[in-house]
Amino acid sequence: MEFDAVVVAGGGSTRLGGVDKALVVLEGVTFLDRVLRAVANAARTVVVGPVRETYRTVEWTQEDPPGSGPVAGLAAGLAGGTAPVVVVLSCDLPWVTAADISRLVDSLGSHDGSGLRDSDGRDQWLAAAYKRTSLEQALERLGDPRDQSVRRLTAELDLVWQEPAHAGDDVDTWADLDG
């Protein structure tokens, strides 16, 4: 099934001491490029955040105003796409793979979305495939996306979650890289 990808990469990385998460290198590859490799089959890939060098060409946009949170970033990245499915990823998911993305897209079925869980079983709303119409309707219901939580955005959606896996582990602190 055809999908677009929105990669949210505009956070402040405060728990990493302000280091740009997107540019943290793991095994010789930046987090951002690792995530971009996972969605290489997307019809359209939009990265939300400051423009950075990447291994492949992507579209860039910024939430308005910059720094207004992941829902505002998601709204900015969603604008203008056409694929019926949108894979949404944060840039701090260095272990996600193309196979994980295929599983998410393939498991949508009649659900509004399908998401990864981290190794501890926590739902990862920014590691999921969503039906575009479901996301657009959720954004419309929410209103102003600035400083809103993704949990609140998706609260009324019918989501299915994958079994806990390393692919869903995000990196918020330096200690997370040891996991």
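Biologist: Why are helices α2 and α4 called oblique to each other?

Modeller: In this predicted model, local features need pLDDT of at least 70 and side-chain atom pairs count only at pLDDT 80 or more, while totals for chains, interfaces and linings use all residues. Residues are numbered from 1 along each chain as its sequence is written, and side-chain values use heavy atoms, with hydrogens and water left out. Now, the axes of α2 (residues 70–78) and α4 (residues 132–142) come within 11 Å and cross at roughly 130°. Under 35 degrees is roughly parallel, over 145 roughly antiparallel, 65 to 115 roughly perpendicular, and the rest oblique, so α2 and α4 are oblique.

Biologist: Which residues of α2 and α4 meet?

Modeller: From α2, Val71, Leu74, Ala75 and Leu78 meet Arg132, Leu135, Glu136, Leu139 and Leu142 of α4 (contact means heavy atoms within 4.5 Å). That contact divides into 7 nonpolar, no polar and 2 charged residues.

Biologist: How do you know which residues of the second largest pocket's lining are charged, polar or nonpolar?

Modeller: Asp, Glu, Lys and Arg count as charged; Ala, Val, Leu, Ile, Met, Phe, Trp, Tyr, Cys and Pro as nonpolar; the others, Gly among them, as polar. By that sorting, the lining has 7 charged, 3 polar and 1 nonpolar. Asp120, Arg122, Asp169, Asp170 and Asp176 lie nearest the pocket's centre, out of 11 lining residues (those with an atom within 4 Å of a grid point). The pocket's volume is about 170 Å³.

Biologist: What makes the bond between Asp64 and Pro65 stand out?

Modeller: Asp64 and Pro65 are joined by a cis peptide bond, with omega at about -5°. Pro65 sits in the loop between β5 (59–61) and α2.

Biologist: And what is the phi of Glu27?

Modeller: Glu27, though not a glycine, has a positive phi of about 50°. Look for Glu27 in the loop between β2 (25–26) and β3 (29–30).

Notes:
1 Å grid on protein atoms, 1.4 Å probe; cavity = no way out; pocket = protein on both sides within 12 Å on 5 of 7 lines; lining within 4 Å. Points joined across faces, edges and corners; volume = space filled by probe spheres on them. Axes fitted to C-alpha atoms, helices over the stretch in contact; angles between N-to-C directions. Helix = DSSP H or I, 4+ residues; strand = E, 2+ residues; numbered from the N terminus.
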